[in-house]
Amino acid sequence: MDKVRRKINVLRVLQVVFYALGFPLFVHMVMLTAKPIQESYLASDLGAYMAIIIAAVMWVVVILAQLLFRAICRKNRMARAVWVALIATVITIAPVAYSDFMLKGEYEALVDKYVEEEGLKETDFYTYEKAITKYTEITEELNDDIDEYIEVFNLAPGALEGKNYGGNGDGSKATLNEEDQAYYSPNGMFSDGYLFSLKQAIAVQKAYYSNKLAYEAEGKDIDMALAEALLELETNPSSDWNKYKNGASESSFKKEGFTYITSSDEYELAYGEDGYAKKFYVTDDRLDAIASVIGGNLGACDAVGDLLNILTGTGLVKLPDGLNLDTLLTEDLTVDQLIETINALGLGKTLAGLIGTGADSITKDDLMGLLEGYSNYQSPSTYPIFYFLEDDALQEYAYANYYGTIHGGKVGAVLVGENVGLMNLDNMSGTKNPYTASGLIKTFKIWDAQTELINEFYPMFAVRAIALKMSASIVFCLLAAYWFTAKIDDQYAKLAVVRK
Amino acid sequence: MKKVLKTLLYIIGFPALVALVAYNSLTIYEQGDTYSFWPYVGLILAGVIAIVYTIIFIVTGKNSKKNKGNYNKVKKSVATLVIMSFVLTAGIWLVVDLPFVLPDILETATQGTRKFEQLHEDYNAQAVLHGSLLDDFIKMNVRNGNLSTEERTEEEWLEIGYQSPEVQKLMKQNFVEMDTNGYKTFTSNGPWLNMANDNRLTIPVLVHLLLNEREVNEEVLYYLQADLVPKEIVTDADGDNTFKAPVANEEVETVIHWTILDMQGTPMNIDLSGVIGGLGLPLDTLLPTLSGPLSEILGTVNETLADPALAGAEIYIGLDIRDGGFQIMLSPAAEARGMHGYQNSAWLDSNNLLFAVISIFPARKWLYIWGAVVIFSAVAVAALRLKEYGGKKEKLEEIEEDEPLDTTGMSKYERKVTTAIAERNRMR
């Protein structure tokens, strides 16, 4: 009796082991092979798991076939096994046949599309025969390239969804658009604390560089064209921008379908005399208030004179003729006076060099221009001036320019220019941009093409690779499991139960 | 003999596990010794689980004995013991470790400043950090007079720690003021502080943090016995004594304004030793002459920075010329006022809870590791009980084909299979 029981136990183990070596192992192997696809920045939610889904569906189909033939061939165990083996053979060969005979044409059509429509070269792609074996390598290399891109531009680690660091300065709501992977303010721009997702960083750079290159191709300078268009909006009293600032009726705007965000006085409420946005940035008045405090406090401090006496006595500092600190350092000190003094001390040229104007002295406009980049505050509840640009290309460029430089500078992720990424007190110049405009545009096109490949082709390649190696063994193991089941039944036939 | 063996097997299970949890939590107990039961929460949890297991151990033992000779019932009883040994060790933690349970609770408790992965192995370092937060808080507040040295010496304050009602009151009141009139004034008008805390302190963010107008709550007051101001110029003669003598406040409860440096809690030092050295200035002879007026000017600059037109709160600019160096120091006022930076202050405010959370990690780790031993001991005890009380189980035997079928005492499964096979054999 014990001998029979032992046999049954051994046969049961073998039955389970051989079953596990079939489809369960197949699904597991596909899961391992498709891991680079799952981890790819370019895979969609569905694409990331498509290979596993396909493998699981194949298994489920065979299970259903097993149940079906169990019902149909109740008594003929052999017929049941043969039918199931046949179904399993067809199912496991299907991805190989589909990949080799049908998918190849689609792959080549996709490559042709990018070559003809996007200007890529055939050499930017692997041939189908190579891609079908190198797809994991290609996916991993792409991820490395994207990791480097994220590091250069200092995007959020993992960067897929971007990040919103908090509410808008004016208390308005930042709304997440999951499809865009971006947070938006009521004026349709990115929210104050939005750090670009990978998708939006690419979109900004595409808009910036493609328009810039298009202008250059025609021998034009897009920055000059933008400056002229903005100047026209500023100076033309009947421009939409000026109408907006003055709260004109919506129907009077040239811009089609224009509506105010909250009310016709929204601009005045933000940037008017007591506008709320003013508490977020440096204005002329705030600079003068700062100068006044500095002048008043230092003027009352006798040590300033003592220090200058010591320094001039040693010859380390030479004060210009006519500079009277007693009259300068008072509560009436203004920024204009400070700038005059700086120029009189001969420091203007040095500072102008640092700012990059190259002039012999600095002006208040230079200072405000410098501060604008650092303290600019675009109210999230008013439209920016470039919202009213009529030329679509110029408008797209203006937004991208704002996001890439001003907004990017704020969140520590400058996207365009010679120096990019994080610029702070420790590293004022950021990271040297290793990408050229045309190089970046081409890279994005390749990433677009690879996005399609990773989501639509590579999952099938992963299934094919494993199915190719395992189809015979899956069928063999399935048949073996059936055989062991039969043997178990044979052993049971020798047994009955008695009470001892 | 079997009883001794079973007792030994029981001891190497949960009792040993509880001892291991206690031994591996010694650093936590040492660091949180003034926080009453809080650092012992992990051990208490392990103890409660051990008690539950012990009850199961005893009840299943009695059950097995009661059903002596009934193999199936004894089998059921010992199986319960084995299953519960898994459930109460690794089983619980497999559930608690799910992202939406303990990791989420931890992130919420620390406002996202500590993640599960950072703690599950490094809990001792975190306990040391939390212990030093309290010690440093006490030292800072002894220095500025908030904790009176007439009442206790610094050593005594450190010894009594969190058990002192004065320390608890000071921590609570001053943190509420820092939170209300510091942190919330920064976070209520934009994302700037969060960006600064995430290594994105760009110049525009700094400008916003310094110049944005912020509203304080005049009714929330800070307790401060005396103002401490850093020395404008720190020389070798000062050593580590970098503050001027404290100046007693007329009103000890007042509204305090905070700067971004206070929120970060650490000074910013700009080392100009190389630049100054390169200029070839005769600093050795110049500095003694300059230090007088320079100190006065720096004092004026510091007052100017505190003006509402500028930072609106104290940031101390000073020079550190110790060891032949030349560093410009931008010091926050938080330390002088007896506070850590915001994050550490927030942690200190919830230190008891955090000690409780930290203490769970050694329990978690050893319930996982020693869980295997507990399960082994349960299986061994189960085998012993089965042998001792199980009696003889029903056996299957080879029979002649035409022998009548006897299914008495069969399990449901066995009866079904045997009947089906016999039926088929008859049909052949």
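Biologist: In chain B, helix H8 (residues 123–143) and helix H16 (residues 342–349) have axes that come within 10 Å and cross at roughly 100°. Why is H8(B) called roughly perpendicular to H16(B)?

Modeller: Angles of 65 to 115 degrees count as roughly perpendicular, under 35 as roughly parallel, over 145 as roughly antiparallel and the rest as oblique. The crossing is at roughly 100°, so H8(B) is roughly perpendicular to H16(B). The helices are DSSP runs (H or I, at least four residues; strands are E, at least two), and angles run from 0 to 180 degrees between N-to-C directions of axes fitted to C-alpha atoms. This is a predicted model, where local features need pLDDT of at least 70, side-chain atom pairs count only at pLDDT 80 or more, and totals for chains, interfaces and linings use all residues. Residues are numbered from 1 along each chain as its sequence is written, and chains are lettered from A and ligands numbered from 1 in the order in which they are written.

Biologist: Which residues make the contact between H8(B) and H16(B)?

Modeller: His130(B), Leu133(B), Leu134(B) and Phe137(B) of H8(B) meet Asn344(B), Trp347(B) and Leu348(B) of H16(B); in contact means C-beta atoms, placed from the backbone, within 7 Å. Five of these residues are nonpolar, two are polar and none is charged. Ala, Val, Leu, Ile, Met, Phe, Trp, Tyr, Cys and Pro count as nonpolar, Asp, Glu, Lys and Arg as charged, and the others, Gly among them, as polar.

Biologist: In chain A, what makes H4(A) roughly antiparallel to H5(A)?

Modeller: Helix H4 (residues 45–72) of chain A and helix H5 (residues 77–118) of chain A pack at about 160°, with axes 9 Å apart. That angle makes H4(A) roughly antiparallel to H5(A). Their contact has 12 nonpolar, one polar and two charged residues; among them are Phe69(A) in H4(A) and Trp83(A) in H5(A).

Biologist: And what makes H5(A) roughly perpendicular to H6(A)?

Modeller: H5(A) packs against helix H6 (residues 128–153) of chain A at about 105°, with the axes 10 Å apart. It follows that H5(A) is roughly perpendicular to H6(A). Ser99(A), Lys104(A), Tyr107(A) and Glu108(A) in H5(A) meet Tyr128(A), Ala131(A) and Ile132(A) in H6(A). By class, the residues of this contact are four nonpolar, one polar and two charged.

Conventions:
Contact = placed C-beta atoms within 7 Å.
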